[in-house]
Amino acid sequence: MKQILTDPNQKSVFVQDKFTSVTKRYDLLNSLLSCYIDHYWRKEAAKELADGHAGPILDLCAGTLPLSLELLNQNRKPVAAVDFCYEMLAYGARERLNKKNQGAKLQIFPVCGDGLRLPLRDESVQGVTIAFGIRNLSNVSQGLGEMHRVLKPGGKVVILEFSRPSNPVLGPLYKFYLHRILPLVGGLISKDMEAYKYLAQSIEAFYSPKELLSLMHEAGFLNPACRSLTLEIVTIYTGTKAG
Ligand SMILES: C[S@@+](CC[C@H](N)C(=O)[O-])C[C@H]1O[C@@H](n2cnc3c(N)ncnc32)[C@H](O)[C@@H]1O
């Protein structure tokens with residue numbers, strides 16, 4: 001697993017394969033394993049774009065489209081929902097962009113594509129969101145560079161990602177949950193324990209907020225900032241492109 005996480009080619013194939021494998025149980029497990037707090041986290045992330053100018057939004061690593069739909073609920077539209085896992089996007093489109101939700105069907109555009117080579121023109125979107133996706137990119141700096149490239153001047157990026165509680169009591173308890181409980185429950189329900197072991201290890205191995213802010217700065221974002229939610233279990237990062 002360690003080698004998979006550090007070799008970009010292997011990581012990319014592995015990630016695609018794992019998300020394909022857990023697609024049908026992904027939403028259920030997300031909510032279950034976070035005690036339904038994940039909905040609140042995405043709401044908070046989408047709110048970060050509330051004060052921006054109107055215009056298209058890129059929801060990168062959109063998966064089954066939960067954040068794309070939340071953006072639409074908050075009147076941020078249209079949304080280009082890009083993910084390189086066809087099964088995740090197709091499942092999300094079937095479940096979330098169906099006859100019961102015609103409005104969403106007209107405003108959310110799923111696109112199968114790679115975040116490291118975005119199929120979008122320079123300066124074509126007003127905002128970029130990425131929820132629980134940046135940790136999965138095989139080259140974070142390249143991904144940030146692509147987000148910066150497609151943003152219009154003055155546009156904003158919003159990154160929602162897991163972090164690690166620094167509290168000396170909570171930290172070890174969270175580690176225990178990540179490595180012992182999460183793979184067990186995730187494995188039982190999805191039938192792919194490796195996918196949930198990867199989730200735990202990728203959270204553990206990911207950049208600290210300070211490091212990610214520094215990478216955002218290097219990618220050209222102005223005023224990179226972050227705020228943590230729910231005892232630092234997740235962090236929302238924001239930055240803007242020079243106007
Ligand atoms: C944990 S899911 C997040 C889905 C959704 N944003 C959410 O909030 O639940 C991560 C997603 O990132 C996608 N992904 C990982 N690397 C990618 C890349 N290089 N390009 C596009 N999508 C990628 C995976 O296919 C997966 O659907």
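A residue is taken as buried if 20 or more other C-beta atoms lie within 10 Å of its own, as exposed if 12 or fewer do, and as partly exposed in between, with C-beta atoms placed from the backbone. Helices (H or I, at least four residues) and strands (E, at least two) are DSSP runs numbered from the N terminus. The model is predicted: local features need pLDDT of at least 70 and side-chain atom pairs count only at pLDDT 80 or more, whereas totals for chains, interfaces and linings use all residues. Residues are numbered from 1 along each chain as its sequence is written.

The chain contains ten helices and seven strands. Its radius of gyration, taken over C-alpha atoms, is 17 Å, close to the 18 Å that the globule rule (2.2 Å times the number of residues to the power 0.38) gives for 243 residues, so the chain is as compact as a globular protein of that length. The C-alpha trace spans about 45 × 40 × 35 Å along its principal axes. Of the 243 residues, 40% are buried. Two residues are in contact if their C-beta atoms, placed from the backbone, lie within 7 Å. Among contacts between residues at least 6 apart in sequence, 70% join residues at least 24 apart.

In helix 10 (residues 209–218), the buried residues are Pro209, Leu212 and Met216. These residues cover an arc of only 65 degrees around the axis, and therefore lie on the same side of helix 10; the arc is that of the directions from the helix axis to the C-beta atoms. The buried residues of helix 10 pack against helix 7 (140–150), strand 6 (222–229) and strand 7 (234–240). Lys210, Glu211 and Glu218 are exposed and are carried on the face of helix 10 turned away from its buried side.

In the loop between strand 1 (57–60) and helix 4, Cys61 has a positive phi of about 55 degrees although it is not a glycine. Cys61 is buried, with 24 other C-beta atoms within 10 Å. Leu65 is placed in the loop between strand 1 and helix 4; this residue, not a glycine, has a positive phi of about 75 degrees. Leu65 counts as buried, with 26 C-beta neighbours inside 10 Å. Pro78 lies in the loop between helix 4 (66–73) and strand 2 (79–83). The peptide bond from Lys77 to Pro78 is cis, with omega near -10 degrees.
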